[in-house]
Amino acid sequence: MDGSVYTGSVLVGADGARSKIRQWMYQDLDDKRLLPSSDKQPMKCDFICLVGITEPLDPKVCPPVKDTKAVFTIMCPNNEPQTTAVMNVPDNKVAWMVIANPTDFPPPQTYSQISKSSPTYAIRSAWGHDAASAMSSALKPTSVPYGGERFGALLEHTRSDKISKVLLEEKIFKTWSSGRVVLLGDACHKLYPSGGQGANQAIMSAVSLANLLYQLPSNRLEDVETCFHTYRAQRRFQVWFASVLTKVCTYIFSGKSRFASLTRYLILNKVPNWMVRLGSNFAAQDRPQAVFLPFVNDGGNIRPYHQSQCFQRPMASLRPAAV
Ligand SMILES: Cc1cc2nc3c(=O)[nH]c(=O)nc-3n(C[C@H](O)[C@H](O)[C@H](O)COP(=O)(O)OP(=O)(O)OC[C@H]3O[C@@H](n4cnc5c(N)ncnc54)[C@H](O)[C@@H]3O)c2cc1C
């Protein structure tokens, strides 16, 4: 934003959920009446989230910080509106996250002068320091237990500059590219965080796009457009599957209806573990490697499902792009 000008053959918009590049690209397509109506709709936002990290805690007071493994615990009390997740991290600290419905933790009164349809309202009510403080104050009396204490005690040990409030938005956009401009990660596929897929899918999309760009036969517009269409075709199903998985996880862990409680109970207590893992295994199986780097032996409990088409060809047959 300093006025610098750069020239290139392609522009990759990896600038997050509120992507400026997507906004410019969509405006241009809309002016030409080429933007699908679904891409004009705002992202869905049914949840808000407060995240933070405590100061180092005394292991005598909070024993879980001594654990040498990071233990991720999710607590979904039926009698309180929020879902709380906590995890011990290095230096005796605890990282925590609270997910709730926006109506249960409305933004501070001072925002009432700003029109609800204004972008300023959305941004300030989600990201503003006041909004984070208001939500953390409302959460202090909660009864959620952790390590012999209440969650409120963790909040007491968290500096206010280590707390952020985030709108949890969700949308897979239909249009991922136009001409020489292409979108990547949250800019075109924004997922709920439950299920831990957003960054994973962004990285997979980056690898897939980089592999295709590496093999671009020329920088003619037709080749660039084919490359971008192939990229979307390669990623679309996996991203869609991840979005279903994250929606189901969000519903199971944050839904507050009776039906959600029953589903949560059945999934966590009655459905066998191997069945629960099927979904996350499938989401993690498609992990292409960069074809222009030495192949690494892919370890881990979940075996890769398949490599990208380009990887199946020997390295020698791959040529760097003529851009
Ligand atoms: C609470 C929470 C928990 C999450 N947990 C997980 C998890 O466990 N596992 C997982 O896989 N994912 C998780 N995610 C999702 C993950 O954080 C995102 O999917 C991921 O960060 C998307 O990466 P990105 O590069 O597409 O966008 P971003 O990480 O948003 O990066 C975009 C970058 O572009 C920059 N930028 C934006 N506009 C401009 C501009 N105009 N000029 C210059 N720079 C600009 C931004 O500053 C930023 O650095 C979580 C998300 C949240 C909110």
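Let's start with the sheet: six strands line up in the order β3-β4-β5-β2-β8-β11, giving an open sheet with antiparallel pairing. The strands at its edges are β3 (72–75) and β11 (189–190), each with a single partner strand, so one side of each has no neighbour in the sheet. Keep in mind that this is a predicted model.

**Inside the sheet**
- Strands of a sheet pair through backbone hydrogen bonds, and they can do that either parallel or antiparallel.
- Check out β2 (residues 44–53) and β8 (residues 163–172): they run antiparallel, and seven bridges join them.

- Helix α3 (residues 129–139) lies across β2, β5 (93–100) and β8, and runs at about 105° to β8.
- Helix α6 (residues 221–254) lies across β2, β3, β4 (83–89), β5, β8 and β11, at about 130° to β8.

**Around the ligand**
- The ligand is surrounded by 18 residues, and the closest are Gly16, Gly185, Pro193, Gly198 and Ala199.
- Which element gives the most to this shell? That's α5, with four residues.
- Both β2 and α5 (198–214) supply at least two residues each.
- Sorted by class, the shell has nine nonpolar, six polar and three charged residues.
- Why does the ligand lie between two domains? Because domain 1 (11–35 + 175–317) and domain 2 (44–169) both give residues to the shell around it.

Notes. Residues are numbered from 1 along each chain as its sequence is written. This is a predicted model: local features need pLDDT of at least 70, side-chain atom pairs count only at pLDDT 80 or more; totals for chains, interfaces and linings use all residues. Two strands pair if DSSP finds at least two bridges between them. Two residues are in contact if their C-beta atoms, placed from the backbone, lie within 7 Å. Axes are lines fitted to C-alpha atoms, for helices over the stretch in contact, and angles run from 0 to 180 degrees between N-to-C directions. A residue is near a molecule or strand if its C-beta atom, placed from the backbone, lies within 6 Å of it. Ala, Val, Leu, Ile, Met, Phe, Trp, Tyr, Cys and Pro count as nonpolar, Asp, Glu, Lys and Arg as charged, and the others, Gly among them, as polar. Domain bounds come from an automatic or database domain assignment.
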